[in-house]
Amino acid sequence: MAKENEWWTSPQESESGKLILVTGRKDIDRFRRNPKFSIRVEISWKYDEQEDGMPDLPTSKLMEEVTERLHEVFKKDPVAVMTGIFTGDGIREWVFYTLSTNIFGRKLNESLSDLPVLPLEITCENDSAWEAYDEMAEAEIWADD
């Protein structure tokens with residue numbers, strides 16, 4: 001993934017009491033200042049969880065490969081920025097802000113095309129004020145305490 005100092009991770013607890021690892025990106029100012037980056041995209045992967053709510057090792061490794069591929073494709077063509085990753089309680093979610101859902105979808109398919117079909121669900125919403133990012137970033141405050 002990107003440089004370590006660009007990200008923070010904070011353990012949180014789900015409503016069911018299981019661990020959720022919240023990982024957020026720090027270096028988002030140039031994207032956030034650009035009003036075109038107003039669409040929040042969430043990619044979700046529901047998995048068979050272990051007792052602690054985390055994925056098994058093979059699933060975890062595949063998820064990390066997906067993370068790397070997504071990071072790389074948008075590093076080369078910055079039409080979107082990955083801002084958060086949530087893992088736990090049977091689900092992994094990658095969160096992006098993008099300027100185009102069409103281009104985002106094309107890049108997503110391009111980056112994952114040689115992998116087996118993955119159980120991904122994608123949702124999009126307008127979030128020009130980056131409110132969802134701000135809510136996630138509150139977890140960083142708890143990580144620093």
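Which backbone nitrogen does a side-chain oxygen of Ser-100 reach at the start of α3? The nitrogen is that of Asn-102, and the oxygen of Ser-100 comes to within 3.4 Å of it. This is a polar contact, defined as a pair of N or O atoms within 3.5 Å; within protein, one must be able to donate a hydrogen and the other to accept it, and residues adjacent in sequence count only if both atoms are side-chain atoms.

The model is predicted: local features need pLDDT of at least 70, side-chain atom pairs count only at pLDDT 80 or more, and totals for chains, interfaces and linings use all residues. Residues are numbered from 1 along each chain as its sequence is written, and side-chain values use heavy atoms, with hydrogens and water left out.

The buried residues of α3 are Phe-104, Lys-107, Leu-108, Ser-111 and Leu-112. They cover an arc of only 115° around the axis, so they lie on the same side of α3; the arc is taken over the directions from the helix axis to the C-beta atoms. Buried means under 20% relative accessible area, exposed over 50%, and partly exposed in between (1.4 Å probe, protein chains only). The face turned away from the buried side carries the exposed residues Asn-102, Arg-106 and Asn-109. The cover over the buried residues includes β3 (39–46), α2 (57–76), β4 (80–88), β5 (91–98) and β6 (120–126), where contact means heavy atoms within 4.5 Å.

Side chains of opposite charge can pair when their charged atoms come close. With a salt bridge taken as a side-chain nitrogen of Lys or Arg within 4 Å of a carboxyl oxygen of Asp or Glu, the count comes to ten. Lys-107 counts as buried at 14% relative accessibility, while Asp-77 is partly exposed at 27%.

Lys-107 also forms a salt bridge with Glu-110, the closest N and O atoms being 3.7 Å apart. The two are three residues apart in α3 and therefore separated by about one helical turn.

Conventions:
Helices (H or I, at least four residues) and strands (E, at least two) are DSSP runs, numbered from the N terminus.
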